[in-house]
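The stops below are meant to be selected in turn.

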Amino acid sequence: MKIYLKTCSLYEVKTSVDYNLIDGISLLSERSDEKCVAADNDIKSIVSSLKGPVFISAMGSDVEELLADALRLVHLSPNVVVKVKATLEGFKVCKLLSGKNIPVSMSGLKSITKAIMAAKSGADFISFDMNMVQQKHNDDFGFLTDTIRIFHKHNLCADVLADISCNSTNLDRITRTGIHGLEISFTNLMSFMGNSS
């Protein structure tokens, strides 16, 4: 399973890389819904600080703006994965980018059906917002297990991620669901690492 640090802080990235705790970064942006508040948010330094994927949100109000921003982002580094929201426009941008062999992550999912649609649109990664999943489903761990089972049954190739950056959850239980990766905040990661068990 892969660990993706959800941050915009160069300090948090460097600390996590120094201890070999992460496989990539899910970058918070000043332009996204989840605001970056770190003073040390130099995107170019963050992107170059590790070889693993760096998920960066494409921003725009329509397909053309999203696509133009996505194409700008991929020029930052070969390890950039364009992150788009699971909206109607996001699905079209996902299809267009995957047609150009540009890696895409579909974010903000709370539905298995939408996750399947994202994978069929060409998303390389699909990310469930576990806050929304917990509000919608009684058994969030069963929900993730079902998603993995369905993806295997239908040979869908997208990696399934759980975004747990805004809440604390039992990491061992969520790992046992078989998901491919976690998006986790620095605070939650450090808290888990400080746990003596």
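Predicted model: local features only at pLDDT ≥ 70, side-chain atom pairs only at ≥ 80, totals over all residues.

Residues are numbered from 1 along each chain as its sequence is written, and side-chain values use heavy atoms, with hydrogens and water left out.

**Stop 1: two helices**

Select residues 63–73, helix α3, and residues 88–99, helix α4. Helices here are DSSP runs (H or I, at least four residues) and strands likewise (E, at least two), numbered from the N terminus. The axes of α3 and α4 come within 9 Å and cross at roughly 45 degrees; axes are lines fitted to C-alpha atoms, for helices over the stretch in contact, and angles run from 0 to 180 degrees between N-to-C directions.

Now show side chains. Val-63, Leu-66, Leu-67, Ala-70 and Leu-71 of α3 meet Glu-89, Lys-92, Val-93, Leu-96 and Leu-97 of α4, where contact means heavy atoms within 4.5 Å. The residues of this contact comprise eight nonpolar, no polar and two charged (Ala, Val, Leu, Ile, Met, Phe, Trp, Tyr, Cys and Pro count as nonpolar, Asp, Glu, Lys and Arg as charged, the others, Gly among them, as polar).

**Stop 2: the cores**

Next select Met-106, Ile-126, Phe-128, Phe-151 and Ile-174, which have the most contacts inside the largest nonpolar core, a set of 61 residues. Such a core is a set of buried Ala, Val, Leu, Ile, Met, Phe, Trp, Tyr and Cys residues joined through side-chain atoms within 4.5 Å. Buried means under 20% relative accessible area, exposed over 50%, partly exposed in between (1.4 Å probe, protein chains only). Helix α7 (residues 140–153) gives the most to this core, with six residues.

A second, separate core has five residues, including Tyr-4, Phe-55, Phe-125 and Leu-161.

**Stop 3: Ser-105**

Go to strand β5 (residues 104–109) and pick Ser-105. Ser-105 counts as buried, at 2% relative accessibility. Leaving out residues up to four places away in sequence, Ser-105 touches Phe-55, Val-81, Val-82, Lys-83, Val-84 and Phe-125.

**Stop 4: Leu-27**

Finish in strand β2 (residues 24–27) at Leu-27, which counts as buried at 4% relative accessibility. With residues up to four places away in sequence not counted, its partners include Ile-43, Phe-55 and Lys-83.
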